[in-house]
Amino acid sequence: MWNFPLVPPTASKEGADISLLYWAITTLAVVFGSIVLFGVIYLAVRYRADNNAVDRSNATESDLRVELAWTLIPLVLALIMFGWATKLYADIYAPREGYYEVFVIGKQWMWHCQHPNGARENNVLTLPAGRLVKASIISQDVIHAFSIPAFRVKRDAVPGRYNAMYFTPTKPGEYHLFCTEYCGTKHSEMIGKVVVLPEKEFQAWLEKNAPGATAMTTTTGAAGAGLTLAQQGEQTFKALGCNACHLNPNSAVKVPDLTKTWGSEIPLEGGGTVKGDEAYIRESILNPGAKIHAGYQNLMPPYQGQVSEEQLVQLIAYIKSLAGVGEGGK
Amino acid sequence: MATDKPNYLNWKTTVASWLLTYDHKRIGILYLVVISIFFALGGLAAAMIRMELATPKGDLLTSDVYNKMFTAHGVIMIFLFLIPSIPAVFGNFALPLMIGARDVAFPRLNLLSWYFFTGGALLVLIALFRGGIDTGWTFYTPYSSSFAKGEVSLAIVGVFLAGFASIFTGINFLVTIHKMRAPGMTWFRLPLFVWAMYATSLIQVLGTPVVAITLLLVAVERSFKIGIFDPNLGGDPILYQHLFWFYSHPAVYIMILPAMGVISEVISAFSKRRVFGYHFVAFSSLAIAIIGFLVWGHHMFSTGQSMYAGIVFSFLTWIVAIPSAIKTFNWMATIWKGRVHWDTPMLYALGFMGLFVIGGLTGLHLAAMATNVHLTDTYFIVAHFHYVMVGGGIMGYLAALHFWWPKMTGRMYPEGWGKLAAMLVFVGFNLTFFPQFILGYMGMPRRYHSYPEEWAVLNVLSTAGSSVLGLGYLLPLIYLTWSLKYGKVVTERNPWGARGLEWELVDTPPDPHNFERTPIVTRPAYDYNHPEEPTAFIPKPRPVVVGGKDG
């Protein structure tokens, strides 16, 4: 009974850094907390009303120097901790490169994860140890949050937008995966595990779980069999009839060149530019009129309600692949 | 009651004289009665939550019932208890007395505020009893607007009305403090409770309309499918969070600032010493109110909010910790070289300092973005805000209740029972909530109906603590009610030997008209060094004008 944990496992590079910061702030808190707690008890006992043995003379009622001291010392400490924490946060969450990418789709009440080679998992996420991972997270209904305490990272799964989360698993093992944003009846059952495998075992796992290698079926029907995520995207691209205009040299209408979409700064009608990223591609499929490429007309019908989040992820992977980008960013 | 002279409690005794009263003191009592009921209801919901969490499996309640319980607990405790608690009860009762005023500036608006509050609260209760709502007190979209079933809109309208009650109270206090201070009661002679109420009122008046309209938009989206927050209707769910926290973060200061004001009063009265660094304590209340409006984004670091916005919010959150630190150190210096009386209100004030300091310092982990993201939406958050809002807010409330109880009722509470309850609350509170910091760091998500086995022991500790805490809260309910009839009668004006107009010049219980005539203030607040000099005096009556009906 007494053998219960008091700290979470630390299984990522980022987790170790965040733990260090956590304990540094905790130390600061314990020092200041002790000063106040023991100080109050000491003073309240020493200066109790019936104790006439203490010196109560020269009891000043204000003093600029002590006020400045207990304003400026905490202020300086706060600024130092702010700097440390902010630098660490920016290092972890600002866009990074050279990653292994997984797409995570949250829905009431499960997690659906897609690997670049087409492997898919529900409520389990299998990852390689020692490699930077980018999870692109979205929800198809309400807001969820994708939390892996052993890695000390978390990102909300928000409907309508991709949120990126980066981490580097270090220790092979199995770890908790939670939904931490309240999402309805079975919120507390929207849990699973993250399995970290050594690189070699992970490669074997990938091969074994590639579509076609097993009897896995997909929500998009036969389109997924034996194909990578980008290849599934190509199938979806054709199935939805996107190729009637896009990537069609014989197209009757003038459309933007999708091979130049990913990663570029796209000039917009009416001025300004937008980065060709997941969010832009997703929006341009669902609601093409939102941001019009300069020099083109708004001819495309909106696909809102006709494409699933899974298909969107495939299409994004496909358009990414057109730019000659495989997994891992540029 | 005790004296022959009629007081505000017994000069009229009909039900109508209470329900239609414009007397700030009676309105304070009306608020006290209704929010005590809501505190008990919210506490019952909390007890159900803790009982469910005594075992890892979700076995006592179904998950739907559990979700409704924590929603009921949050909505009731926040909107129907903590927000009105100190301002509407003790602000109403004591603030006009403290500044030497006859009443608040707008007595009719004050009564209307109670009716808005009670009416809104009834709507919320109807929503809860007609099947309940499961959105959480935060009403996050699109869950609340497009997915949740039940009487969400009704509850929202209830919260909207209660919000207006809060705005009315805020307006009343702002105008009262500006315009109705007695002659000689300059800004820097004001008791610090009044400064804290001023800062609180600013937040109530500036913040509450935003949450009121935001919640109404949720109801509009639910009813008419107009896309505001639901991305499927073309809305933005994150916009909701910005609008919600623009009020709801400052709302935390609505709960804690008045408690800080009470603590200044109590620590000074029971240390028999002027509050150390009066100006710093007064201005730190304003600083908290102002900076507190600019930190809401720290609730949203994990939503994918822009990195630069996050950095600014994080920076301001570190800064807003400083005024709280200033207050705490000044309170310590107030005790230094004082004559400390360990009466029940002082025990609560000392308990406040212990718990608030833990709550405030664990806020640092949440100001830091890198640790915030790991801890947000876990039990660390639950522990942190309970330390601030319950450890701080309710300890302040109980300190105020015991401090002003003899003035309000003309009866003294039983001191022994008071001390026992204060100890139980302190011990029970720590036992309940401290383990939750550890659970949160390990990643236990909040609002979970079941949880992994390895966290059972700490959860059992927390549940055990909550029964001690529950007993600690039950005792005052019993002995204070008991004291109304059997408590020692207090007729002297100043049972604590405290400074301040409400103690020096106002009868116990107060005269319906507070002061015989408007007092003239001659001394600063907390002038314990000059016991021979009264803080204020009642001027001699002006010569009687023939035909005048003064009196």
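Predicted model: local features only at pLDDT ≥ 70, side-chain atom pairs only at ≥ 80, totals over all residues.
**Entry 1: Ala182(B)**

I counted 19 other C-beta atoms within 10 Å of Ala182(B). Buried would need 20 or more, so I noted Ala182(B) as partly exposed. I then looked up where Ala182(B) sits, and found it in the loop between helix H7 (152-179) and helix H8 (192-224) of chain B.

Leaving out residues up to four places away in sequence, I listed what Ala182(B) touches: Ile99(B), Gly100(B) and Ala101(B), then Thr518(B), Pro519(B), Ile520(B) and Val521(B), and also Ala536(B). I checked Val275(B) too: from Ala182(B) it is 93 residues away in sequence and 21 Å away in space, C-alpha to C-alpha.

**Entry 2: chain A against chain B**

Next I turned to the interface, where 71 residues of chain A are in contact with 71 residues of chain B. On the chain A side, I found that helix H1 (13-46), helix H2 (64-93) and strands S6 (144-148), S7 (153-157) and S9 (173-179) each give two or more residues. H2(A) gives the most, with 16 residues. I sorted this side by class and got 45 nonpolar, 14 polar and twelve charged residues.

**Entry 3: H1(A) on H12(B)**

Which way do H1(A) and H12(B) run relative to each other? I read a packing angle of about 165°, with the axes 9 Å apart. That is over 145 degrees, so the two helices are roughly antiparallel. Their crossing is right-handed. Among the residues making the contact I noted Phe32(A) and Val36(A) of H1(A), and Val357(B) and Leu361(B) of H12(B). By class, this contact has 15 nonpolar, four polar and no charged residues.

Terms used: Residues numbered from 1 in each chain as written. Chains lettered and ligands numbered in written order. Contact = placed C-beta atoms within 7 Å. Helix = DSSP H or I, 4+ residues; strand = E, 2+ residues; numbered from the N terminus. Nonpolar A, V, L, I, M, F, W, Y, C, P; charged D, E, K, R; others polar. Buried ≥ 20, exposed ≤ 12 C-beta atoms within 10 Å, placed from the backbone. Axes fitted to C-alpha atoms, helices over the stretch in contact; angles between N-to-C directions. Parallel < 35°, antiparallel > 145°, perpendicular 65-115°, else oblique. Left-handed = near helix turned anticlockwise from the far one by under 90°.
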